[in-house]
Amino acid sequence: MPFQRRCWQAFLEGRSGLVQVPTGSGKTYAAVMGPIAELLAAAQDQGTISAPPVSAESPAQGEAKRTGGAAGEGRGKKGKQAQTGTGGLGINLLILTPLRALSRDLALAIREPIEAMGWPLRVGLRNGDTPSTERSRQLKAPPEILITTPESLALLLSGPHAERLFSGLRAVVIDEWHELLGSKRGSQAELCLGWLRRLQPELRTWAISATIGNLEEAARAAVGTDREPDIISAALERSTSIRSLLPEAIDGFPWAGHLGLRMHEVLVGALDPGISTLLFTNTRNQAERWFQCLRWACPEMEGALALHHSAIDRAEREAIEAGVKEGSIRWVVCTSSLDLGVDFQPVERVVQIGSAKNLARLLQRSGRSAHRPGGCSEVLFLPTNALELLEVSAMRRGLAAGLVEHRTPPQAPLDVLLQHLTGLACGPGFEPELEWETVRRCWNFRELSRADWDWCLRFLEHGGDCLGAYPRFRKLEREPAPVTPFRYRVKEPAIARLHRLQIGTITADRAVTVRYVRGAVLGHVEEMFVSRLKPGDTFFFAGRGLEFVRLREMTAQVKASSKKSSTVPAWAGGQLSLSDLLSHHLRQELSRCAAGQLDSPELLALAPLLDRQSDLSRIPGPGELLVEVCRSREGSHLYAYPFEGRFVHEGIGFLWAWRLARHQRGTITVSVNDYGFELLAPRGYPFAELFKQHGEALLAGEDLLDDLAMAINLSELCRRRFRAIAQVAGLVNNGYPGKGKSGSQLQISAALLFDVFNRHEPDNRLLAQARTEVLREQLEVERIAAALERLRAATVVLELPPRPGPLAFPLLAERLNNRMSNESVLERLARLRADAERAEGL
């Protein structure tokens with residue numbers, strides 16, 4: 001491919017940059033073959049190789065003998081390290097990946113040409129799944145090519161061998177850079193790369209991505225501030241065909257059935273046992289339910305149907321991936337665990353269950369099918385409620401226009417910096433002035449202030465202003481050198497050991513291992529879910545019916561059960577929200593509906609629903625904000641439809657509730673979805689009158705932060721966010737293996753520190769970071785401010801329908817789903833639907 005040759009040439013000329021081409025086009029070879037060619041040339045110049053070895057065996061057999069098997073770090077017959085490779089040059093090419101499954105697939109892709117050509121290069125894998133014996137071998141005899149994750153790289157830099165391991169490093173390749181860029185994992189990778197560039201000033205960095213909008217920023221974040229990145233792209237043809245599975249009829253009630261499971265017959269009718277298919281859901285909970293449903297509906301697929309998500313045990317996930325590649329597994333219900341560049345060439349079709357909420361996510365998932373240059377990705381879309389048809393219509397137009405979302409990286413997160421500095425002090429140590437310059441050359445730390453840097457050093461060395469009395473918080477000690485300035489080091493072995501166990505930026509509820517009483521590990525669920533179980537309770541997990549026996553040392557012991565159960569674990573962070581880009585296109589679709597331009601299959605299918613909405617209220621047109629006020633037996637309702645996404649609506653909903661309550665006291669309940677929000681107050685609450693009098697004040701941008709802080713209890717949100725920050729910064733820890741702390745213990749420790757800092761060190765940088773993250777990431781305050789500005793310029797239309805209409809019905813379902821009742825959600829929705837039909841004489 002021409003773009004591959006351009007990338008190889010740029011690398012060999014000493015440049016760094018980013019490669020963005022469609023998935024399945026050969027990006028990996030574009031990034032790695034240049035470094036491999038240079039490595040072989042250097043080894044030949046040094047006399048460590050002269051020509052590819054001649055053997056009567058196949059290249060694969062010869063490589064297997066030389067390296068001792070799939071790990072690429074083989075042993076001879078007596079278990080000693082094989083004496084192969086390029087003569088002890090150490091790690092020359094480092095490849096960072098965001099997922100373990102992706103690292104295994106990358107290793108296979110890179111080994112293929114190496115084995116075919118007989119090159120004496122070893123490829124090693126190092127991540128959380130790598131056995132300790134293999135890790136030890138890698139330290140003694142490093143492979144020339146190492147594939148690892150940001151967490152494992154940070155762990156390597158925290159060891160005493162860091163400088164030796166990377167003294168010969170020539171290149172770093174970051175695969176699926178877009179997946180790391182928008183999170184603290186990307187910040188962690190940047191800091192590690194900064195240290196490697198200081199060790200090797202000529203180090204070249206190439207990032208790989210298929211779906212990212214802000215290419216320039218992404219490239220600069222990958223290569224640092226001291227060089228200009230090359231951006232290599234190619235206008236390769238790769239089309240995406242989206243077809244919606246439409247119900248036989250859509251009436252005026254856009255929400256019926258739990259998670260769209262009532263559509264399973266339509267889905268089964270569209271699937272073909274002979275076509276390899278990935279069925280993507282947005283959450284692990286959804287994946288469990290859909291697997292259970294398909295297993296019941298298609299018993300003939302037993303053995304050919306599988307479930308894959310990140311909470312399932314690694315061995316089972318690897319077996320499923322292998323089964324897909326060899327063709328024995330035909331359908332896989334999965335989550336984002338299979339989003340990224342895992343090469344499933346046998347996969348011919350992708351099903352998206354529910355809206356992907358994001359153009360880049362849909363494009364990434366569609367690329368799992370026809371994973372080859374010039375392939376046409378086929379996506380079947382199954383809506384979980386009728387209004388999602390608006391979203392898929394908007395997605396089709398957005399993808400046709402070539403639009404993809406931006407990924408916004410965190411700006412200088414201090415908790416990640418504290419973890420990084422502690423790690424370096426555990427390993428080679430660092431000189432503060434030299435490291436300050438190194439960190440500032442990382443793109444997203446380029447504006448780090450000297451005051452923040454000095455605070456971090458004081459915090460790590462002395463425990464800050466109020467933790468100095470506790471030795472475990474005084475981590476860094478000065479080690480004077482004869483000539484050079486002093487170095488910071490961690491000299492206490494217990495502190496270093498505990499730090500290495502806690503490295504990483506992914507924080508979640510404490511994971512509880514699920515294991516048969518006498519048997520294998522099935523995976524892990526969150527502690528909150530297990531805490532609600534009693535012995536004898538049954539639940540469905542990893543595609544199996546299970547009975548809870550006991551909880552022992554953070555392990556839930558279970559046994560197989562044939563009892564029917566609808567209980568499925570729920571994991572935190574499962575809610576997805578519309579992206580800013582998709583929200584814009586969704587409003588354009590609604591404008592087409594208001595003008596009667598039903599020009600897509602999805603919009604045509606929605607015609608009955610749109611007609612009912614028009615009869616009861618109206619469809620908001622271009623530049624309009626629709627607000628509906630009505631009454632029911634539950635109380636007074638106000639519905640607003642900004643179409644800005646769930647998280648933005650949550651902020652605006654609570655903001656409106658607070659501002660209304662200042663004019664008329666009352667208890668107001670807020671419910672939100674991606675299309676709008678509902679305010680529910682006691683019967684007689686004068687929503688219409690208040691809105692007419694104070695509508696402009698509700699949309700005001702003045703005092704936004706102060707009003708939000710009062711409306712949503714910002715202090716409590718900051719307290720919760722601080723727990724994650726404290727974990728990353730190393731202030732609280734999960735304990736040692738086998739002696740882990742419970743989630744409640746971690747929460748108490750973090751809450752105590754939060755209160756201490758608030759009382760005795762109110763200017764603590766981590767408190768400020770918690771507030772910033774809540775406002776920017778959780779509340780998306782910038783999007784809230786932009787939305788309010790757009791709505792102030794809009795024409796506000798107040799309607800007084802006799803009852804909730806089609807746009808309001810999903811909000812009713814959202815609220816009912818969060819309410820305790822002896823009726824199921826489906827029963828309550830059916831009752832509401834029947835009431836509405838009787839009122840309309842249907």
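**Helix crossing**

Tutor: The axes of helix H27 (residues 714-729) and helix H29 (residues 765-778) come within 8 Å and cross at roughly 115°. Axes are lines fitted to C-alpha atoms, for helices over the stretch in contact, with angles from 0 to 180 degrees between N-to-C directions. Helices (H or I, at least four residues) and strands (E, at least two) are DSSP runs, numbered from the N terminus. The model is predicted: local features need pLDDT of at least 70, side-chain atom pairs count only at pLDDT 80 or more, and totals for chains, interfaces and linings use all residues. Residues are numbered from 1 along each chain as its sequence is written, and side-chain values use heavy atoms, leaving out hydrogens and water.

Student: How are H27 and H29 oriented to each other?

Tutor: Angles of 65 to 115 degrees count as roughly perpendicular; H27 and H29 are therefore roughly perpendicular to each other.

Student: Which residues of H27 make the contact?

Tutor: Contact means heavy atoms within 4.5 Å. On H27 they include Leu717, Arg721 and Phe722, facing residues of H29 that include Leu767, Ala770 and Val774.

Student: How do E18 and E19 pair?

Tutor: Two strands pair if DSSP finds at least two bridges between them. E18 and E19 are antiparallel over four bridges, and Thr538 stands opposite Glu547 in E19.

Student: Is H6 mostly covered or exposed?

Tutor: Buried means under 20% relative accessible area, exposed over 50%, and partly exposed in between (1.4 Å probe, protein chains only). H6 (residues 150-157) is mostly covered, with seven of its eight residues buried.

Conventions: Angles under 35 degrees count as roughly parallel, over 145 as roughly antiparallel, 65 to 115 as roughly perpendicular and the rest as oblique.
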